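Here's a quick briefing on one helix pairing and a couple of residues worth a look. Have the model open as you read.

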Amino acid sequence: MNTTIFRFALIKGLRNPLTLIFNCILPPALMLIRPLWTGENFLSGYGLLILVIWGGAFLMAQGTISDRESGAITRIMSAPISMRNYLMQNLFAYMVPLTIQVALITALGVILYDWGLTLALGLFLCYTVFTATSVMMSFAWNCLFKKKESSFTTFGAVVTFGSMLSGAYVPLELLPEALQYVGAIFPAYWGMRGISSLLELGAISIDYWIGIAAMIMFMIVFLLYGGKRRMI
């Protein structure tokens with residue numbers, strides 16, 4: 001299969017300095033801040049990683065809106081390639097650096113904080129599924145806008161409030177009771193639910209799998225919605 005679009009999307013995404021910061025610098029930097037991972041700090045490294053992954057996924061997925069804005073997608077479609085092939089190669093290109101990031105985070109956790117096999121594999125799976133869901137959500141979101149600036153501004157607010165209401169950097173117990181359930185409309189809530197269950201029990205539980213299943217459902221909905229939107 002011709003992977004030209006995949007390579008082009010990958011290079012274009014990583015060429016953005018902000019994307020490099022989110023995908024290559026912030027994750028290992030967070031792993032080196034020991035209080036975030038030992039319960040010695042109000043902030044949790046596990047939740048901050050949710051925020052970083054979410055932001056990194058959105059920055060990578062802006063490639064599709066950039067192609068539409070510049071007219072590149074029209075030229076690509078004039079070649080013998082289907083829209084499905086174009087989308088799949090782009091989405092895979094967005095996933096690759098983010099998945100490598102999750103693998104690096106897991107390896108550092110094992111080395112620096114003695115994560116056991118169950119914790120390491122559980123976190124790897126949860127963060128990977130959240131990564132895929134974030135990419136699909138970002139893709140679907142970008143399909144709503146014709147200008148990259150409009151998409152960026154509004155999604156920034158979604159990530160900020162969504163992370164807060166999901167318990168990513170503010171414990172849900174500190175929020176008003178009415179708001180504690182609003183976060184369930186965001187995939188980050190289910191990612192944090194799976195991670196919290198894993199950390200509290202030290203084992204894979206039903207609650208963990210509920211979080212994984214919910215994120216997969218979100219992923220499918222976002223993919224179906226974005227795939228049906230007119231890209232040109």
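Helices here are DSSP runs of H or I, at least four residues long, numbered from the N terminus. By that numbering, Thr133 sits in helix H6, residues 117-142. Keep in mind that this is a predicted model.

**H1 against H5**
- The axes of helix H1 (residues 4-14) and helix H5 (residues 83-113) come within 8 Å, crossing at roughly 45 degrees.
- That angle makes H1 oblique to H5.
- As for handedness, H1 and H5 cross in a right-handed way.
- On the H1 side, the contact uses Thr4, Ile5, Phe6, Ala9, Leu10 and Leu14; H5 brings Tyr86, Gln89, Asn90, Phe92, Ala93, Tyr94, Val96 and Pro97.
- Sort the residues of this H1–H5 contact by type and you get 11 nonpolar, three polar and no charged.

- Thr133 is buried, because its relative accessible area is 0%, and the cut-off for buried is under 20%.
- Its side chain reaches the backbone oxygen of Val129 at 2.8 Å.
- Setting aside residues up to four places away in sequence, Thr133 touches Pro187, Met215, Phe218, Met219 and Phe222.

**Tyr127, also placed in H6**
- Tyr127 belongs to helix H6 and counts as buried, at 3% relative accessibility.
- Leaving out neighbours within four places in sequence, Tyr127 is in contact with Tyr46, Leu49, Ile50, Ile53, Val102 and Ile195.
- Take Ile53, one of those partners: Tyr127 and Ile53 are 74 residues apart in sequence, yet their C-alpha atoms are 8.3 Å apart in space.

Notes:
Residues numbered from 1 in each chain as written. Predicted model: local features only at pLDDT ≥ 70, side-chain atom pairs only at ≥ 80, totals over all residues. Heavy atoms only, no water. Axes fitted to C-alpha atoms, helices over the stretch in contact; angles between N-to-C directions. Helix = DSSP H or I, 4+ residues; strand = E, 2+ residues; numbered from the N terminus. Parallel < 35°, antiparallel > 145°, perpendicular 65-115°, else oblique. Left-handed = near helix turned anticlockwise from the far one by under 90°. Contact = heavy atoms within 4.5 Å. Nonpolar A, V, L, I, M, F, W, Y, C, P; charged D, E, K, R; others polar. Buried < 20%, exposed > 50% of the residue type's maximum accessible area, 1.4 Å probe, protein only. Polar contact = N/O pair within 3.5 Å; in protein donor to acceptor, adjacent residues only side chain to side chain.
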